Amino acid sequence: MAAEDLTYPGEFILDKVELIGCGDDRIDLSLTVVQIDIYEDIESPVLQGGLTFTDNFGFVNTLPLIGQEHLRLKIRSPSVKSGGVFGEEQIIDRLFYVHNIVGSISDKPSVALITLEFTSVESIRNNRTVVDKILTGTYSDIAKGILKGPLKTKKTVFVEPSSGIEKIIANRITPMDVLNYCKREAVSKEHGQATYKMFETLTGFHFRSLQSMYATESAQQYTLIDNDARNPDMTVNILAEYARIRDFKKSKNVNTMSGTLRGQFSSELVVHDIFNKDILTTTYDYFSQFEPDAINYTINTYHKKGAKAMYSKMAYDQEGSILSSATTKKFLASASIKDQATGSCACMTTGRGEYAYQSRNPSRWLQQRNATNQSLENGYVIDFSALGHTYMRAGQVVTVDLPRPAADKQLKKEQVDRFYNGPFLISAIHHKFDVTHKNGPTHMIYLRCVKDCVEEELEFTEALPTDIDDQFFKEDPIVEDFYLDEVA
């Protein structure tokens with residue numbers, strides 16, 4: 001970013017805010033916009049947003065506004081002159097579909113404050129399209145075909161190749177239903193991980209694993225700065241201001257109770273192989289991925305930092321039981337497997353009678369995907385706000401460095417938080433373009449960042465000390481007699 005091109009940090013330029021009515025009447029709203037909000041989330045297949053503007057001319061009636069309009073937005077940071085490298089666009093240049101008129105607020109007879117809700121055009125196409133055909137190929141190939149076929153997107157599509165030839169019989173379901181099915185069962189060809197997400201950002205559509213996101217360079221470093229960042233000549237240090245965390249909240253911490261019940265730490269999958277009349281059992285142990293000889297696919301690994309479990313191997317009893325010792329979640333499923341060694345499907349063949357398709361065996365994806373999603377949901381999550389530029393996206397990696405609490409700084413030499421530091425994945429981002437900000441049009445971003453590991457192994461005891469093991473406590477009596485003497 002060329003900081004000298006900016007007047008102040010967070011500045012943005014509205015190149016185009018055009019509302020297109022049902023009769024092709026076009027209205028330039030760039031001078032009447034109050035605020036624009038755009039939401040990206042790796043759990044959401046399409047973009048959502050809202051636009052608020054002042055209506056001085058009665059567009060509600062004259063256009064009219066009925067919730068079937070199109071909206072063209074082109075927004076950029078002053079330092080960004082063009083779109084950037086293909087697939088890494090640095091400006092926002094998108095066409096949206098207005099699907100809802102939230103309402104209007106009027107403090108003067110001739111002026112109203114209107115809020116429109118919009119979504120991606122592909123979202124509307126999805127609601128009006130059904131897929132009723134047999135789909136074959138890898139899940140990634142099927143995803144590409146759906147995005148470019150029924151959804152007819154012209155946007156950049158990021159697709160990570162998956163393994164295994166599949167056959168899906170789509171029986172009058174929406175394109176997004178097909179994509180969700182593919183996302184759930186896809187396994188990466190690169191590293192064998194079943195962690196695919198299907199989502200849209202302002203750059204395009206993504207069908208890819210978490211690991212492919214982890215493997216990208218950090219897009220921005222964020223840290224706490226107590227006062228305004230200044231250069232030696234007392235001018236504002238714009239680049240430092242972009243790296244400054246405004247407000248933050250450690251919104252979720254590890255929840256071992258929820259994770260235990262939902263199979264985050266351990267689970268058992270029992271698959272009935274109908275063709276071979278066999279029972280296949282697969283177990284999952286959370287801590288196995290952090291063993292010295294195991295291949296680790298957590299975010300720190302891709303950024304050359306220590307990658308350890310974010311839970312302790314603390315013993316729960318004298319026998320050394322830990323979080324993953326007990327199988328607290330059991331999954332039951334069935335599959336028809338021709339060859340258990342290759343995982344081929346016994347119920348579908350090619351025209352030449354070959355068993356070329358992969359069986360939908362949940363042992364390839366179910367436990368791993370479930371545990372990974374739980375680790376992100378119940379792990380270290382931080383929500384914070386910062387000044388924005390128009391190339392921040394969900395699915396990017398950022399570096400977060402929070403300081404230790406003051407008391408900890410006196411006890412230990414390290415100045416950064418033990419858990420909230422290093423690489424984090426942006427799981428969701430809210431772009432807020434406030435035209436009426438006191439400093440001038442200001443772009444704020446609200447990020448939710450997550451990570452699935454810590455840098456240093458957590459302390460633990462291999463056996464629970466006797467003084468905190470309740471089996472060594474004196475047992476209290478069982479009370480069963482409640483009806484003693486008759487009440488006078």
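His191 counts as buried, because its relative accessibility is 14% and buried means under 20% relative accessible area, with exposed over 50% and partly exposed in between (1.4 Å probe, protein chains only). The model is predicted, so that local features need pLDDT of at least 70 and side-chain atom pairs count only at pLDDT 80 or more, while totals for chains, interfaces and linings use all residues. Residues are numbered from 1 along each chain as its sequence is written, and side-chain values use heavy atoms, with hydrogens and water left out.

His191 lies in the loop between H4 and E11, where helices (H or I, at least four residues) and strands (E, at least two) are DSSP runs numbered from the N terminus. Leaving aside neighbours within four places in sequence, His191 is in contact (heavy atoms within 4.5 Å) with Glu160, Ser209, Gln211, Tyr297 and Tyr302.

In helix H3, the buried residues are Tyr139, Ser140, Ile142, Ala143, Ile146 and Leu147. Seen down the axis of H3, these buried residues fall within an arc of 160°, so they line one face of the helix; the arc is that of the directions from the helix axis to the C-beta atoms. Among the elements that cover them are the following.

| Element | Residues |
|---|---|
| Strand E8 | 131-137 |
| Strand E10 | 166-173 |
| Helix H4 | 175-185 |
| Strand E11 | 196-201 |

An open sheet of three strands runs in the order E9-E12-E11 with mixed pairing, two strands being paired if DSSP finds at least two bridges between them. E9 and E11 stand at the edges, each with a single partner strand, so one side of each has no neighbour in the sheet.
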